[in-house]
Amino acid sequence: MLKYALRRVLETIPTTIGIVLLTFVLFNVVGGSPAVTVLGKNASKETIEAFNRKYGYDKPLIFGPLTGVKDFFDTQFFNFACDICKGDFGYSVESDEPVVDILKRGVGPSLSLTVPILLGGTIVALMLAMIASANRGGVFDKAVLFFSTALMSINYVVWVLAGQFFLSFKLGVFPVWGYEGWFYLALPVAIGVFSSLGADVRFFRMALLDEMYKPYVLTARSKKLSQSVIMVRHVLRNALIPVVTYVSLSIPYLFTGSLLLESFFGIPGLGNVSINAIHSADMAVVRSVVVLGAIVYQFVNLATDLLYALLDPRIRLNGAAV
């Protein structure tokens, strides 16, 4: 197990380097001049040169002149990579403050919104899927399939607007805007959980049904075990691999925030920060959120692979791929 974990950690190093290089190319090469993007096409040559000197855009892109080791690596890319290793994401051109301070302020609100959505949605969807799959073809199963399909057919924005209009504006049950306490998160969390139930329930139900008719389940039934014991101790346990895979795909978004919910409800999380940065052409903030999300996704995949090995003893750890 330790050798496998070490090998997987080492495999993340070249991937992470590739992520940093690709992000740099997209924002600093393909995207054109950051100075022109921020200052506009009508900015004077002197203003653009001053901007480039201040933020280091006047240096070579990847490799410098062959006059010495220091000059060779004193480039935009290597400075960018070294700064990321030190936790320095540069300065925001909009607020002229360290980007890391902006990210720190946004992580808390984003997690307070997205973590309850993920946990609540996963638990509710799993419970509904277990009951539906245990009564396959029954009234409850058909009702779950009908409503989950209906939920998947309605656009996410519709739930947000309907919730704000009826529950906040008309009935006044929830506040419509702000982030001053847990009560301000109740409506966006409920909308996030409710809108995701359709796809979650159908996927979990399918994963459970794939296990329900395997020989070990028939053996458990022949031993007169109760349906609840079979579903929890046998079926759910063996269906956790696809469930973990499905849930792990959502974990990176816990840190980068929910763009729609945060913007519609005025929650100052990373999603709202990203939208404001895009509108103001604050590329340092946008680039940092992209890098942060990609790196988090990379290590979530690593944690998921290690969790596979703990959940399924059949997975070989002697050098074979999971």
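How many cavities of 30 Å³ or more does the count come to by this rule? The count comes to one, where a cavity is a set of points, on a 1 Å grid over the protein atoms alone, at which a 1.4 Å probe fits but cannot get out. The model is predicted, so local features need pLDDT of at least 70 and side-chain atom pairs count only at pLDDT 80 or more, whereas totals for chains, interfaces and linings use all residues. Residues are numbered from 1 along each chain as its sequence is written, and side-chain values use heavy atoms, with hydrogens and water left out.

**View 1. The largest cavity and its lining.** The largest cavity has a volume of about 30 Å³, a volume being the space filled by probe spheres set on grid points that are joined across faces, edges and corners. Its lining (residues with an atom within 4 Å of a point) is formed by Phe27, Asn28, Pro34, Tyr57, Met283, Ala284 and Arg287. Two or more of these residues come from each of α1 and α16, and α16 gives the most, with three residues.

**View 2. The second largest pocket.** About 470 Å³ of space lies in this pocket, a pocket being an open set with protein on both sides within 12 Å along at least five of seven lines. Of the 24 residues that line the second largest pocket, Tyr55, Gly56, Asp83, Gly90 and Arg287 lie nearest its centre. Elements that give two or more residues to this lining include α1 (2-30), α3 (45-55) and α16 (283-311), while the largest share, four residues, comes from α5.

**View 3. The largest nonpolar core.** This core, a set of buried Ala, Val, Leu, Ile, Met, Phe, Trp, Tyr and Cys residues joined through side-chain atoms within 4.5 Å, has 24 residues, and those with the most contacts inside it are Phe204, Leu208 and Val235. Among the helices that each supply at least two residues of the core are α6 (99-134) and α9 (183-212). Leaving aside neighbours within four places in sequence, Phe204 is in contact (heavy atoms within 4.5 Å) with Thr122, Ala125, Leu126, Ala129, Val243, Tyr246 and Val247.

**View 4. Ser133 in helix α6.** Ser133 counts as buried because its relative accessibility is 1%, buried meaning under 20% relative accessible area with a 1.4 Å probe and protein chains only. The side chain of Ser133 reaches the backbone oxygen of Ala129 at 2.8 Å. Not counting residues up to four places away in sequence, Ser133 touches Arg205, Leu208, Leu209, Met212 and Met231.

Note on methods. Buried means under 20% relative accessible area, exposed over 50%, partly exposed in between (1.4 Å probe, protein chains only). A polar contact is a pair of N or O atoms within 3.5 Å; within protein, one must be able to donate a hydrogen and the other to accept it, and residues adjacent in sequence count only if both atoms are side-chain atoms.
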